[in-house]
Amino acid sequence: MNDNERIKKLSSLIDRGGVVFFGGAGVSTESGIPDFRSENGLYSRKYDHPPEEMLSHGFFFSHTREFLEFYGKAILCCLDVSPNPAHRLCAKWEKEGLLDAVVTQNIDGLHTAAGSKNVFELHGSVMRNRCIECGRKYPAEYIRKSEGIPRCACGGIIKPDVVLYGEPLDGETVNGAARAIAAAKTLIVAGTSLSVYPAAGMIDIFGGDALVLINRQSLAAEARADLTIHGSVGEVLSEAEKLRQ
Ligand code: NAD
């Protein structure tokens with residue numbers, strides 16, 4: 001199959017409906033948010049501690065100030081960017097009744113910002129933040145604007161509602177995502193290296209007949225994919241959308 005035929009196939013799978021979109025950090029690189037493992041990703045940059053350590057539960061409590069400094073620079077940049085065509089097309093296809101759910105490993109809130117309603121954020125969202133003492137909620141801007149450690153009116157530290165390394169995923173979110181993936185006819189797996197577990201393992205419960213991989217690089221999971229498209233998610237989905245019209 002040549003590239004055009006692959007995109008045509010994707011567009012007919014979308015037209016068929018029953019699609020679930022499973023995405024990773026690569027879905028948001030076209031909005032300007034760095035991923036972890038691409039050439040210019042966060043792992044290629046030099047920090048005093050490895051990013052996995054800085055984004056861990058233990059580091060948050062032992063080095064709160066350093067955590068928030070890294071988090072503010074490397075992660076909260078997502079407050080300044082907009083959804084790209086990949087986010088917008090997921091929202092459009094959901095509205096047209098073709099896409100049942102978005103399951104994302106991203107914490108940037110861009111699928112929701114684009115208008116998607118049924119979104120399972122496996123790793124939480126920077127948009128939600130709460131006091132670890134009293135549970136009061138705060139917007140992301142409050143964290144960004146805080147000088148030093150953001151504190152609640154009660155004096156407690158405000159923690160972003162993102163799943164840090166060493167923390168469990170939210171059970172209700174995982175169950176909802178699992179139900180959606182299990183029921184899908186087509187699962188589009190896009191912009192993820194499929195290397196962060198348990199999230200990456202969720203594609204194993206897909207029971208439909210079309211597993212589609214979209215990535216700029218080759219992945220081992222291509223061996224089990226029914227359709228693999230090498231390219232940028234936003235561009236590939238836009239091409240597929242054009243062929244639908
Ligand atoms: P990753 O960095 O491990 O992998 C990104 C993958 O996307 C790579 O395989 C890369 O080749 C591909 N890619 C990058 N840009 C692409 C594009 N435009 N089109 C197609 N493919 C593209 O990311 P991951 O698999 O999501 O796992 C790492 C963790 O990163 C996740 O848990 C997520 O929470 C976290 N993360 C999230 C954000 C965000 O919210 N935007 C940003 C960085 C990291």
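A nitrogen atom of the ligand lies 3.1 Å from an N or O atom in the side chain of Arg216. A polar contact here is a pair of N or O atoms within 3.5 Å; within protein, one atom must be able to donate a hydrogen and the other to accept it, and residues adjacent in sequence count only if both atoms are side-chain atoms. Of the 850 Å² of accessible area that the ligand has on its own, the protein covers 96%. Accessible areas come from the Shrake-Rupley method with a 1.4 Å probe; for residues, only the protein chains shown count as cover.

The model is predicted: local features need pLDDT of at least 70, side-chain atom pairs count only at pLDDT 80 or more, and totals for chains, interfaces and linings use all residues. Residues are numbered from 1 along each chain as its sequence is written, and side-chain values use heavy atoms, with hydrogens and water left out.

Oxygen atoms of the ligand also make contacts. One is 2.4 Å from an N or O atom in the side chain of Arg37. A polar backbone atom of Gly191 is 3.2 Å from an oxygen atom of the ligand. In total, 28 residues surround the ligand (a heavy atom within 4 Å). The closest are Ala25, Arg37, Gln105, Asp108 and Ser193.

The largest pocket has a volume of about 930 Å³. It is lined by 45 residues, of which Ala25, Phe36, Arg37, Gln105 and Asn106 are the closest to its centre. Pockets and cavities were found on a 1 Å grid over the protein atoms alone: a cavity is a set of points where a 1.4 Å probe fits but cannot get out, a pocket is an open set with protein on both sides within 12 Å along at least five of seven lines, and lining residues have an atom within 4 Å of a point. Grid points are joined across faces, edges and corners, and a volume is the space filled by probe spheres set on the points. Helix H4 (residues 64-75) gives the most to the pocket lining, with three residues. Helices (H or I, at least four residues) and strands (E, at least two) are DSSP runs, numbered from the N terminus. By class, the pocket lining has 22 nonpolar, 17 polar and six charged residues. Ala, Val, Leu, Ile, Met, Phe, Trp, Tyr, Cys and Pro count as nonpolar, Asp, Glu, Lys and Arg as charged, and the others, Gly among them, as polar.

The structure holds one cavity of 30 Å³ or more. Its lining comprises Thr104, Asn106, Asp108, Gly109, Leu110, His111, Thr112, Val119 and Glu121. Helix H6 (110-114) and strand E3 (119-121) each give two or more residues to this lining. H6 gives the most, with three.

Three strands form an open antiparallel sheet in the order E5-E4-E6. Strands E5 (137-138) and E6 (158-162) stand at the edges with a single partner strand each, so one side of each is left without a neighbour in the sheet. Two strands pair if DSSP finds at least two bridges between them. E4 (residues 124-131) pairs with E6 over five bridges. Ser125 is bridged to Asp161, and Cys131 to Ile158. E4 and E5 pair over two bridges; Asn129 has Tyr138 as its bridge partner. Five residues separate the strands in the E4-E5 hairpin, where Gly135 takes a positive phi near 85°.

The loop between E7 (186-190) and E8 (210-215) contains Pro198. The peptide bond from Tyr197 to Pro198 is cis, with omega near 10°. Leu194 lies in the loop between E7 and E8. Its phi is near 55°, a positive value in a residue other than glycine.
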